[in-house]
Amino acid sequence: MSDPSNVTPIRRTTEAVRERIAPEPGLTDLVSRLTGDAKDLARAEFDLQKAKVSEAVGRYKNAIIFFVIAAVLAFAGLIALLVGAIEALATLIGPGLATLVVVGSTLLIAAILGIVGKNRLSPKAGV
């Protein structure tokens, strides 16, 4: 166990000189270190982007599940509404004609919405 107060001034000076004249790394060593650091940085950046994508995919997957469930329930509600409309009209105009009116109206609305959607997809002239 050496006590720093017992170290002679010559010994301290010798150690300080050795530290100052230690050989600096050569160009090959520097390029090798730079290459290694660049590889480590690229790997870390790749891992970061991979983690971000995984997290985003997880969020989107959960959102899609909820959207699908909502769409199924909305579709079931629409069917119930149409059946109710047929039954309500059946007391006034008969079941066959009521079915024809409700189904025809529904198909007409679907066709109009389809045409509007198609027109929104096509590029507008002059824009």
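Guide: Leucine 82 sits in helix H2; helices here are DSSP runs of H or I with at least four residues, strands are runs of E with at least two, and both are numbered from the N terminus. The model is predicted, so local features need pLDDT of at least 70 and side-chain atom pairs count only at pLDDT 80 or more, while totals for chains, interfaces and linings use all residues. Residues are numbered from 1 along each chain as its sequence is written, and side-chain values use heavy atoms, with hydrogens and water left out.

Leucine 82 has a relative accessible area of 24% and is therefore partly exposed. The classes are buried for under 20% relative accessible area, exposed for over 50%, and partly exposed in between, with a 1.4 Å probe and protein chains only. Between leucine 82 and threonine 106 there are 8.5 Å from C-alpha to C-alpha, although the two are 24 residues apart in sequence.

Leucine 81 also belongs to H2, which covers residues 27-93. Leucine 81 counts as exposed because its relative accessibility is 58%. Leu81 is part of a nonpolar surface patch with Phe75, Leu78, Ile79 and Val83, and together they have about 490 Å² of accessible area. Such areas come from the Shrake-Rupley method with a 1.4 Å probe, and for residues only the protein chains shown count as cover. Patches are made of residues with over 30% relative accessible area and no salt bridge; nonpolar side chains (Val, Leu, Ile, Met, Phe, Trp, Tyr) are joined within 5 Å, like charges within 9 Å.

A salt bridge is a side-chain nitrogen of Lys or Arg within 4 Å of a carboxyl oxygen of Asp or Glu. By this rule there are 2 salt bridges. In one of them, arginine 43 pairs with aspartate 40, with 3.7 Å between the closest N and O atoms. These two residues are 3 residues apart in helix H2, so about one helical turn separates them. Aspartate 40 is partly exposed because its relative accessibility is 45%.

Glutamate 55 forms a salt bridge with arginine 59, and here the closest N and O atoms are 3.0 Å apart. Both lie in H2, 4 residues apart, which is about one turn of the helix. Glutamate 55, at 44% relative accessibility, counts as partly exposed, and arginine 59 is partly exposed with 48%.

The axis of H2 comes within 7 Å of the axis of helix H3 (residues 95-121), and the two cross at roughly 140°. H2 is therefore oblique to H3. Axes are lines fitted to C-alpha atoms, for helices over the stretch in contact, and angles run from 0 to 180 degrees between N-to-C directions. Angles under 35 degrees count as roughly parallel, over 145 as roughly antiparallel, 65 to 115 as roughly perpendicular, and the rest as oblique.
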